[in-house]
Amino acid sequence: PYLDGFKIYIIPDAGARLAALRTKQIHIIFSQPGISLAEKRIVEAQFPGQLIAEKQLYLMADLIYLKVATPPFNDVRVRRAISLASDREESFQLVYQGMGIVSGPMPVEPYGKWSIPKADLARMPGFGPDKAANIAEAKKLLAEAGYPDGFSATISAKVGYPQGIRLGEALVSQLAKIGIKAKMELLEGGVFDTRVRQQHQFQISSYGSGVDLDDPDLMFSRLYISRGDANLGEYSNPRLDELFEKQSRTLDYAERKQLVDQMQRIVLEESPIVFMGYEEGITPRWAEVRGYRAPIFLYLVHTLDYVWLAQ
């Protein structure tokens with residue numbers, strides 16, 4: 001390593017972190033989500049060429065879990081209607097002020113290499129740009145499923161996970177457009193973990209799931225496979241399980257990619273989880289920090305092996 005050492009300061013307050021950066025008490029902010037787009041513009045204008053603020057993807061997926069094992073969510077038409085009504089762009093604007101990417105289970109380019117083409121993604125329920133058409137189709141599906149006037153549902157969110165709370169709040173207004181009367185239920189961390197994550201006692205839950213690498217084994221084994229540890233809605237599809245095992249043993253990228261594409265289309269069309277997308281963040285640093293490159297994914301290690309200070 002080039003550095004003789006480094007210090008990490010735990011600064012919980014976002015304003016204090018930014019102030020410490022501006023006054024050079026610290027050289028870089030590692031925290032999630034770093035700084036906002038507005039703060040990025042301010043510091044770059046205040047310190048032109050001196051402060052660098054890089055955007056990165058967090059492999060933290062924003063999700064709307066549905067309890068697939070129980071009515072009405074055991075009906076694929078209801079799940080698809082909820083996905084159609086979910087305005088992903090609006091939600092990311094409300095939750096992260098635009099700092100997020102709409103995506104299927106595997107991150108879209110340029111962040112990942114496993115996503116289905118964006119043109120194909122746009123044809124999946126809820127990903128199409130025509131919001132009015134999405135709402136009309138959602139209402140039609142609910143009527144076909146026997147819910148022409150909608151139904152009532154509870155969205156469970158975890159206290160201490162503000163992204164999930166804001167995501168749920170956005171969903172309440174979005175579902176109202178198709179007649180689903182949703183209300184928020186805020187659960188303390190321990191209660192949420194026991195009731196939702198362990199016992200799977202919920203109807204809808206706005207929560208997230210993170211992985212370490214952009215690899216289908218990690219994402220699908222957690223969320224969608226019958227035995228997945230984060231398959232909270234108890235979704236089970238033997239065909240998907242079969243494809244998963246096959247792609248996991250396939251070494252050829254092109255062949256594996258075809259299998260992964262099939263897997264993504266299945267879960268996007270059946271909507272056991274309403275997949276919203278991924279969070280983004282900005283990692284600001286002073287320009288004299290040389291040799292540093294922000295990892296594309298948050299969970300990759302911030303290595304400082306080749307970092308040095310030009311001062």
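Tutor: A charge sits over a ring if NZ of Lys or CZ of Arg is within 6 Å of the ring centre and within 35 degrees of the ring normal. The model discussed here is predicted.

Student: At what distance from the ring centre does R256 lie over the face of W114?

Tutor: The charge in question belongs to R256, and the ring is that of W114. A charge over a ring must be within 6 Å of the ring centre. R256 lies over the face of W114, and its distance from the ring centre is 4.7 Å.

Student: Over the ring of which residue does the charged end of R88 sit?

Tutor: R88 is one of the buried residues of helix α4. Its charged end is 4.0 Å from the centre of a ring, and that ring belongs to F127.

Student: Where do the buried residues of α4 fall, seen down the axis of the helix?

Tutor: Helix α4 covers residues 88-96, and its buried residues are R88, S91, F92, V95 and Y96. Among the elements that cover these residues are β1 (51-66), α7 (162-176) and β6 (273-286). Seen down the axis, the buried residues of α4 fall within an arc of 95 degrees, so they line one face of the helix.

Student: How many aromatic pairs does the structure hold, and which residues form one aromatic cluster?

Tutor: The count of aromatic pairs in the structure is 11. One aromatic cluster is formed by F73, Y147 and F151.

Student: Why is the pair of Y2 and Y306 edge-to-face?

Tutor: Planes over 60 degrees apart count as edge-to-face. The ring centres of Y2 and Y306 are 6.2 Å apart and the planes stand at 70 degrees, so the pair is edge-to-face.

Student: How many residues apart in sequence are the parts that this pair ties together?

Tutor: Y2 is exposed, with a relative accessible area of 54%, and Y306 is exposed as well, at 58%. Y2 lies in the segment before α1 (14-22), whereas Y306 lies in the loop between β7 (289-290) and β8 (308-309). The pair therefore ties together parts whose separation in sequence is 304 residues.

Student: Why is the protein chain as compact as a globular protein of its length?

Tutor: The secondary structure of the chain comprises 11 helices and eight strands. For 311 residues the globule rule gives 19 Å, and the chain is close to this value, so it is as compact as a globular protein of that length; its radius of gyration is 21 Å.

Student: What percentage of the residues in the protein chain is buried?

Tutor: A residue counts as buried under 20% relative accessible area. Of the 311 residues in the protein chain, the buried ones make up 52%.

Conventions: Residues are numbered from 1 along each chain as its sequence is written. This is a predicted model: local features need pLDDT of at least 70, side-chain atom pairs count only at pLDDT 80 or more; totals for chains, interfaces and linings use all residues. Side-chain values use heavy atoms; hydrogens and water are left out. Rings of Phe, Tyr and Trp (its six-membered ring) pair if their centres lie within 6.5 Å; planes under 30 degrees apart count as stacked, over 60 as edge-to-face and the rest as tilted. Helices (H or I, at least four residues) and strands (E, at least two) are DSSP runs, numbered from the N terminus. Buried means under 20% relative accessible area, exposed over 50%, partly exposed in between (1.4 Å probe, protein chains only). The radius of gyration is taken over C-alpha atoms; the globule rule is 2.2 Å times the number of residues to the power 0.38. The arc is that of the directions from the helix axis to the C-beta atoms. Contact means heavy atoms within 4.5 Å.
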